[in-house]
Amino acid sequence: METLNAQNDAQSNLPKGVKARLDQGNLTGDIAFSPDGTQLAVACDIGVWVYDVDTAIGLNLLVEHKEYVRCVAFSPDGNAIASGSIDNTVVLWDATSGAPTATLTGHTDAVRSVAYSPDGATLASGSPDNTVRLWDTSTGEIKNTLTVEQFSIRSVTYSPDGNTIAAGSGGDTVLLWDAATGRHKATLTGHKHIVNAAVYAPDGETIASGSTDRTVRLWDAVTGETENTLTGHRGYVWSVTFSPDGTTLASSSSDGTVRLWDTKRGRSKDTLIGHTGSVRNVAYAPDGSLLASASEDNSVLLWDLS
């Protein structure tokens, strides 16, 4: 009865537009929807919580890391979960059973970001140890190490076609590599401070980045030129994510808000207010009907966008 009451309390007095609140554990990093949109993985201080999206009930707690978990991602087929921790490791999990299947070691500092290639054969991990490591997901072996002099890696992502890896860096830049060869392709410059996040639009033609300089930038993914600079956040921009149809960009900030932007016009569409702390991560459900936001107030809010 106490558990049921706690769940009911968590869903009472929700902010306007919020479908549900998830608040088990101290949140420490990323969130990620499963490819079918039925589950949400949440990085926290004791492991990875996996929630049922419809009921907002925790289904499983994945515990293997020795320190708090910083990042999490589902494989494209939904059969596996990858998590990175400040214990310098990446753990791969069976998404159905919740059992760990491999521990990937090699980073010499915290793992801040993980991303699967579109075909699921490779996992990229980024770290303040100035490297992006590429892992074979079937064997757990290292395939390549991309090294950046002096600059920590804050985020990693693949282009939709899987040909390019993009990373936000502590050097105020977005770095691009050829995913197959590891060759450095381009450095996107324009931000005035650390780039905390960089993501591709679904069509692969645009890259969005969020920075400690409080701005979001939209870049032409081919030329590397800035298409637009979005201003309005009053704090650091921690995370950016495109809607599945690419028409909207969501950004989260230390100012406690989530902003929705019209990607074509470069204008603010809405500001989502409901968190009481810095909002560290945002993620769209695969069908675009929900937006999840994770905050230092130790809650994840599911916003109904339908």
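Let me start with alanine 197. Setting aside neighbours within four places in sequence, alanine 197 is in contact with Ser155, Ala208, Ser209, Gly210, Trp238, Ser239 and Val240; contact here means heavy atoms within 4.5 Å. Alanine 197 sits in strand 18, residues 195–200. Strands (E, at least two residues) and helices (H or I, at least four) are DSSP runs, numbered from the N terminus. With a relative accessibility of 8%, alanine 197 counts as buried. The cut-offs are under 20% relative accessible area for buried, over 50% for exposed, and partly exposed in between, with a 1.4 Å probe and protein chains only. From alanine 197 to tyrosine 68 there are 129 residues in sequence and 20 Å in space, C-alpha to C-alpha.

A word on the source. This is a predicted model, in which local features need pLDDT of at least 70 and side-chain atom pairs count only at pLDDT 80 or more, while totals for chains, interfaces and linings use all residues. Residues are numbered from 1 along each chain as its sequence is written, and side-chain values use heavy atoms, with hydrogens and water left out.

Now the chain as a whole. The chain has one helix and 28 strands. Along the principal axes, the C-alpha atoms fill a box of roughly 55 × 45 × 30 Å. Of the 306 residues, 56% count as buried. Among contacts between residues at least 6 apart in sequence, 39% join residues at least 24 apart.

Next, the cores. A nonpolar core is a set of buried Ala, Val, Leu, Ile, Met, Phe, Trp, Tyr and Cys residues joined through side-chain atoms within 4.5 Å. The largest one has 19 residues, and those with the most contacts inside it are Ile31, Phe33, Leu40, Val42, Ala292, Val300 and Leu302. At least two residues of this core come from each of strand 1 (18–22), strand 2 (27–33), strand 3 (39–44), strand 4 (47–52), strand 27 (290–295) and strand 28 (300–304). A second, separate core has 14 residues, including Leu134, Tyr158, Leu175 and Ala179.

Two backbone angles to check. Alanine 56, in the loop between strand 4 and strand 5 (57–62), has a phi near 65°, a positive value in a residue other than glycine. Alanine 56 is buried, at 12% relative accessible area. Arginine 214 is not a glycine either, and its phi is positive, at about 75°. Arginine 214 lies in the loop between strand 19 (206–211) and strand 20 (216–220), and is partly exposed at 43%.

Last, threonine 231. It is in the loop between strand 21 (226–230) and strand 22 (237–242), and counts as exposed at 54% relative accessibility. Threonine 231 and arginine 214 are 17 residues apart in sequence and 7.1 Å apart in space, C-alpha to C-alpha. Not counting residues up to four places away in sequence, threonine 231 touches Thr215 and Trp261.
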